[in-house]
Amino acid sequence: MTNLITLHIAERVAFADNHAFGDVGAYERLTGRAHFAVDPRAAAQATVVDLDKAPIDSSGLVHFAADFMILQPREPERGNRRVFYDYGNRGHKRALQFFNDAQHSNSPITLAHAGNGFFMRRGYAVAWLAWEGDMLPGDGRMVLDVPVATDNGRPITGRIRVEYIAETPGVTCFPLSGRIAAHSYATASMDTRDALLTRRRYPYDTPQVIPPDEWSFSTIEADVGGEMQALEHAVVSSPRHIYLPAGFRTGWIYELIYTAKDPLVHGLGHVAVRDFISFLIYDRSDANPLRGAEKAYAWGRSQTGRCLRDFVYRGFNADALGRRVFDGVLPHVAGAGRKWLNHRFASPIVSGGQTYEDHLNIADSFPFSYAWSTDHLTGKQDAILKRPDTDPLVIHTQTATEYWVRRGSLVHTDTQGNDLKQPDTVRVQCWSSSQHFANPQHTPPKRGIGEQYSNNVATSMFFRANLDAMDRWATDGTAPPPSRIPTRADGTLLSIDEWRRQFPAIPGVATPRAPNPLPLLDFGPDVERGILKEPPELVPGKNYTVQIPSVDRDGNDVPGVRAPMVAAPLGTCTGWNLRARGHGHGSQNRFEGSYIPFPESPEERQMTGDPRLSILERYPDKAAYVAAITAAARELAAQGLMLEEDVARCAEAAADWGRPRHDVKLD
C-alpha cells in the first residue's frame, strides 16, 4: 500500500513584511501539521525498529504526525524550484541563522529573520519538518508525535542508561532523559533498588555507587505560599525524574541504569522526512504547496548532520516507490557519527560520543565513511553510500573540533587510519582551525567552563558557497572544488605524538593528551535488531585509529579550507578547549575550540616568552590587517570556496582589528 501523507496548513502569512528579494519577489510562510499513515508490513519501512508493535487502524496502518513550516516565494514561478530542507536541531530551526547570517528564531517572520536574504535571493523554498520524536512542546520547538510500541498491548520494558552532568552548584533534580526539553522514559519500578546510580570523576574511572536509599524517582515542585508566604519546595514522587537530596556534584559524571517502559518508535523520524520531501517533489496535485519543485537538498548540523548520514545509510533516500528523495545532502559537523534513533528506547536528543560526555554511544559505529571499507576489528565491510541508483551527492563539512572530539578523520580514512579514496559523488572539507559551533553574529570572545576563550573563527560564508556548488553539481554536473582534507599521504594527518612536536609551547596553555578515542563497543547480541545491551562492554585492546590535522608554527591548522580569520590570524585557533578546574579539569570541553590571542607587541612577546609573532609584527596597523583578510577572502572566492559578495563582508568585519570578535587592545 502506498504511504499516505496529508498536509494541514494552519496559517499562511506574509514573510519579512512583504519585502521583495530581487527578481524572486516577496515570500510567504506556511505552518501546519503533516499527518502520515504507513503500512508496517511494507518493504519501504520494514527496517523501522518496533514498527510492527505500533498500534494500527482498521486498515492496518500506523499513524503519526509532525509540525512543518515552509518559506516559499509568494509567486512560485519566480523561484528556483528547489526545496532546501533544514533538519533543524533538537526541534530548532537553524538554516536561516547559518546561511543567511540571521537572528536565530523558531518563528521566522520579520525582515531581520531573513538576514542577508541569501535563500530568498536564490529563490529557494526552505522547509522544516519535525523528525525527532522525543522533543517536548515549548519555545517554538517542532514536535513529532510517534506511537508507543507494545507487546500485543502489554508494556515493553528494557534496561537503559542515562548520564547527568551538573554544570552549576545546587542541582538536585533532573528529568530522567537528562534534558528539560526531551521526553523521559518512565521507570517501570519506583524501587531504587531495581536501578543503579553511580558517579565518576572522569569517563573511564571506576564508578562510585550511590546507595539506593540516598536518591529517589521524584521531582521538586516550588511555589510562593504557605505559612511564611515565601518560596516553598516539595518533593513529589515521579516516574520520570531523579532526585538526589545531597545534590549532583558539579562537573561529575552521574550514570543511571534503570528499567524503562513504553519505547517510542523513533525510527519513524526517517520515514517522516522521506515521505514529506518525496511529496513536495513528486506530487503534482493542488494539495502540494510546492508542486512543480524539481530538486531537493538537505542540510543538517551536528546531531542532524549525523541523522542525515544515518538517513542515507539506512536507505531512506529512496521513497516508498523507489525514487530518489534528496538530490544532494550537506552534513555539517557530524564527524564520523550517525544516529541513535532507529533503536528500541533510543534517546535522539543525546549527542554523539564526546571526550567527557555521552562517550559510550552507538552513534559512533562502523561504517564511518561514505566509501566502502573493512572494519579491521570485526571484519565487517560496509559504506554509507551503497545504493547508487538513489544515493545523493554529498558535500560533508567538518571543523577542527570534529577531528579532536568527533573522530572526524574516520570520515576519510579506513579504521586503521589509512587514507581512503571517497566516491566521485562525495566532497569532504575540513574547515581549518574552526570549531563545532561558529556564531554568524559578531559577538565578543567568551570563556565558559573552558580554560581558553571559545574559538571565534567565522565560517558562514562557506555554507553559501557550498550550496551554490551543490546546485550546479546536481543541475548540470559541474563538479564542485575537490575535497580539502588532511591526509597521511601529504603528512598533514597526524597522531597525537606527531602533533605535539608541531604545536608551539604557548606560555600557560595546557594541551590535550589525545583526541577523543574510539574503542570498540559491544552492545549485545540483538544490536542488529535495534535492541541494545546497556551499558555496552568495551572490548579490551580494540580501538579505531583517530587522527588530527597538522599545525603551523602558530598552532593553526595547515590542511583544509582556511577561513580568512585563519589565513590572516590574530591568534591561535584550535578545535579543542580543556575544561577548567571543578568541571572535569583537563578533559575536552564539549564541542568547544580555543581562541588564544597573539601577544600584541614585540615587547609583550618578549616579556611573556611567547614563541608566536606579535600582532604588530604581522600587521603594522589596522589597514594592513584588513588588507590581509581581504586578500585571503579573494583567494577563496577565486577557488570557488566563497562567494564574491562575501569578500566585502569579510573586509568590513576585519575593520578595527576584527572587533568585537577579537580580544585586541591596540588602538
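Within the largest nonpolar core of this predicted model, which comprises 170 residues, Phe119 and Phe276 touch the most other members. A nonpolar core is here a set of buried Ala, Val, Leu, Ile, Met, Phe, Trp, Tyr and Cys residues joined through side-chain atoms within 4.5 Å, with buried denoting under 20% relative accessible area (1.4 Å probe, protein chains only). Helix α3, spanning residues 268-282, gives the most to this core, with nine residues; helices (H or I, at least four residues) and strands (E, at least two) are DSSP runs numbered from the N terminus. Residues up to four places away in sequence being left out, Phe119 touches Tyr27, Phe84, Ala95, Leu96, Phe99, Asn100, Tyr124, Val126 and Leu467, where contact means heavy atoms within 4.5 Å.

As the model is predicted, local features need pLDDT of at least 70 and side-chain atom pairs count only at pLDDT 80 or more, whereas totals for chains, interfaces and linings use all residues. Residues are numbered from 1 along each chain as its sequence is written, and side-chain values use heavy atoms, with hydrogens and water left out.

Pockets were identified on a 1 Å grid over the protein atoms alone, as open sets of points where a 1.4 Å probe fits, with protein on both sides within 12 Å along at least five of seven lines; lining residues have an atom within 4 Å of a point. The largest pocket has a volume of about 1000 Å³, a volume being the space filled by probe spheres set on points joined across faces, edges and corners. Its lining contains 35 residues, of which Arg90, Ser351, Arg590, Phe591 and Glu592 are the closest to the centre. This lining divides into 10 nonpolar, 12 polar and 13 charged residues; for this division, Ala, Val, Leu, Ile, Met, Phe, Trp, Tyr, Cys and Pro count as nonpolar, Asp, Glu, Lys and Arg as charged, and the others, Gly among them, as polar.

The second largest pocket has a volume of about 800 Å³. Of its 34 lining residues, Ser365, Phe366, Lys380, Val527 and Glu528 are the closest to its centre. Two or more lining residues come from each of α4 (303-313), β20 (381-382) and β25 (518-522), and β25 gives the most, with five. By class, the lining has 12 nonpolar, nine polar and 13 charged residues.

An open antiparallel sheet is formed by three strands in the order β23-β29-β28, pairing being assigned if DSSP finds at least two bridges between two strands. Strands β23 (453-454) and β28 (571-574) are its edges, each pairing on one side only. Four bridges join β28 to β29 (residues 594-597), and Gly571 has Pro597 of β29 as its bridge partner.

Methods:
Buried means under 20% relative accessible area, exposed over 50%, partly exposed in between (1.4 Å probe, protein chains only).
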